[in-house]
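Visitor: Good afternoon. I am new to this structure and would like to be walked through it.
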Amino acid sequence: MRQFSSYNAANFLTFFLGARVAAESTWPQQTFRSTSIQAPYLNVTKNGKTELGNLFFSPSSSSMEWSYPAIYSDDGQLVWQGPNANTSAYQPQMLDGEPILAYWQGANYLGYGFGAISILNASYQEIHHITLPGTDQHFVTTADPETFPSYIDIHESQITSDGTILVTAVNVTQCDLSPIGGPKDGWVQDGLFYEIDIKTNKVLFRWSTVEHLSEIPLTNTELPLLGSGTSKADPYEYPHLNSVAKYGDSYLLSSRFMCSIFLLDKHGNVTWHLHGQKGGSFTLLPGSSFCYQHDPRFINYSPNATSLTLHLHNNENANVFTSPTTITTGLTLTLDMQNHTATAVRKLWNPDAPLFAVSQGGFQPLPNGHVLLQHGAMPVIEEYDENGALVMNARFGFDESTQSYRGYRFREWVGKPTTRPEAVACREGGRVVVYVSWNGATDVRGWKVRMGSELGVVGDVMEKNGFETRIVLEGVQGRDGEKVVVQAVGGVGDGVQSGVVKLE
């Protein structure tokens with residue numbers, strides 16, 4: 001089920017679903033002989049040296065007809081495709097010293113949702129399932145009377161060093177909208193975040209925007225009412241929280257529609273407020289403005305520092321409320337905590353192909369001063385070097401057809417699937433050809449073919465070549481129906497064999 005408020009219907013439905021449906025089928029898809037997996041090609045252009053690691057993002061059709069977590073190598077090859085379901089907030093992280101994958105899946109209501117967080121180990125097995133039951137939190141939603149097993153929103157899955165996870169949620173509640181020209185007995189979609197213990201699924205901390213109106217007034221918003229807020233079925237979508245991170249006992253919180261970043265203390269009180277248009281607690285120096293931002297994070301945070309640096313994906317003015325006149329950038333700001341000023345110290349964008357991302361996106365600092373930008377509603381991943389030069393541009397769909405909430409480069413991942421490799425053996429032009437793939441295996445070096453009643457080794461070890469390797473068995477005749485097995489060589493899956501297939 002999918003619902004839209006009148007605000008969403010008027011402003012988003014045509015934009016997201018109109019021209020995109022026709023375009024979705026036109027971007028070329030990778031198909032394979034050994035498996036039924038299909039995935040969009042990742043078209044990669046490199047102009048310099050990139051950092052190490054695979055690319056982690058969740059390609060999704062903009063109408064959400066298909067969506068899944070994925071891993072690609074940065075030469076464009078698929079490495080792993082996860083389950084096909086509404087996917088968001090997907091990111092590789094560390095938990096208890098081990099690399100894991102965390103992502104949201106659930107019911108997506110274009111801009112928010114109700115679901116749970118899956119945490120997978122390196123074998124792609126779910127080891128934790130984080131939920132937020134409505135029975136505990138008494139959520140009211142635009143989907144009422146429909147209920148959901150879990151009410152975690154689509155926007156965050158950030159794991160902390162304390163073994164907890166930060167997630168967002170939405171809740172419809174009444175609110176006085178007269179300060180912004182709305183009804184006194186109006187309705188809003190409140191933004192909340194929770195800190196949850198991963199092992200016990202116990203809520204350790206809860207925070208609500210509406211409950212802090214004295215510190216965060218409605219007048220901070222940059223979102224026009226457009227007639228919304230008059231009923232529970234059509235709440236004003238304030239404030240649209242889209243990221244939260246924890247630093248010590250403090251929380252860094254982003255509100256898209258308030259164009260604001262807040263630092264909260266351990267009790268949830270506002271320590272300071274950075275408004276990307278009005279300044280808030282700071283004076284914005286030239287070039288430091290932002291709006292509708294995503295993924296703000298600190299660099300080397302210290303609670304007593306006289307200067308703080310943070311970065312964000314700046315979606316300023318590239319939205320449905322105004323014409324796209326401001327280029328989407330990766331923005332790094334320095335906050336002078338003594339003079340209360342915000343200074344832009346770095347802006348990243350491609351002048352040869354500027355982007356106007358209407359929503360979503362991520363900013364990931366990499367080693368050696370490199371930065372990875374994933375542009376959300378635009379199916380583009382970019383890497384910039386320490387001098388701001390574009391060293392990689394990767395595209396996985398046409399504009400207005402494919403998107404990904406965020407994207408990351410991660411070098412610590414070594415996939416150890418519990419599945420077997422998949423293989424098919426056939427004849428092509430009189431030769432025996434074997435195709436083999438192993439979804440999620442990252443360090444297989446090659447493949448060994450075993451064939452015949454005794455399954456003896458046939459030919460030399462063939463070096464792995466992308467997601468699927470094509471092996472031509474020169475000089476091997478084979479008989480129809482003859483048994484074939486393919487065995488992995490090298491890596492953590494060394495020696496693992498496919499099931500027995502028959503020569504077709």
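Guide: R409 and E383 form a salt bridge, with N and O 2.8 Å apart; the term stands for a side-chain nitrogen of Lys or Arg within 4 Å of a carboxyl oxygen of Asp or Glu. The bridge joins distant parts of the chain, since R409 belongs to strand β31 (residues 407-410) and E383 to strand β28 (residues 380-384), 26 residues apart. Strands (E, at least two residues) and helices (H or I, at least four) are DSSP runs, numbered from the N terminus.

Visitor: Before going on, what kind of model is this?
Guide: This is a predicted model, in which local features need pLDDT of at least 70 and side-chain atom pairs count only at pLDDT 80 or more, while totals for chains, interfaces and linings use all residues. Residues are numbered from 1 along each chain as its sequence is written, and side-chain values use heavy atoms, with hydrogens and water left out.

Visitor: Is R409 buried or exposed?
Guide: R409 counts as buried because its relative accessibility is 3%. Buried means under 20% relative accessible area, exposed means over 50%, and partly exposed lies in between (1.4 Å probe, protein chains only). E383 is buried too, with a relative accessible area of 0%.

Visitor: How many salt bridges does the structure hold?
Guide: The structure holds 19 salt bridges. Another of them pairs D399 with R395, whose closest N and O atoms are 2.8 Å apart. D399 is partly exposed at 34% relative accessible area, and R395 is partly exposed at 21%.

Visitor: Changing topic, what domains does the chain have?
Guide: The domain assignment gives domain 1 (29-410) and domain 2 (422-503); such bounds come from an automatic or database assignment. The centres of the two domains, taken over C-alpha atoms, are 42 Å apart. Domain 1 gives 12 residues to the contact and domain 2 gives 16, where contact means heavy atoms within 4.5 Å.

Visitor: How much area do they bury between them?
Guide: Domain 1 and domain 2 bury about 1100 Å², with 54% of it on carbon and sulfur atoms. Buried area is the accessible area (1.4 Å probe) that two parts lose on being put together, summed over both. On the domain 1 side, R33, S34 and V79 supply 50% of the area buried against domain 2, more than any other three residues.

Visitor: Which side chains form the salt bridge there?
Guide: The count between the two domains is 1 salt bridge. The side chains of E428 and R33 meet in a salt bridge at 3.5 Å, N to O. E428 is partly exposed, with a relative accessible area of 22%, and R33 is partly exposed at 44%.

Visitor: What about polar contacts across that interface?
Guide: There are 9 residue pairs in polar contact across it, with both residues at pLDDT 80 or more. A polar contact is a pair of N or O atoms within 3.5 Å; within protein, one must be able to donate a hydrogen and the other to accept it, and residues adjacent in sequence count only if both atoms are side-chain atoms. Strand β7 (residues 78-81) brings 4 residues, the largest share of the side of domain 1 that touches domain 2.

Visitor: Which residues have a positive phi, then?
Guide: Among them is C259, with phi near 50°, in the loop between β17 (250-255) and β18 (260-264). C259 counts as buried at 0% relative accessibility. H340 has phi near 55°, lies in the loop between β24 and β25 (341-348), and is partly exposed at 39%.

Visitor: Finally, what does P92 touch?
Guide: Leaving aside neighbours within four places in sequence, P92 is in contact with F56, I100, L101, Y408 and F410. P92 lies in strand β8 (residues 87-95) and is buried, at 8% relative accessible area.
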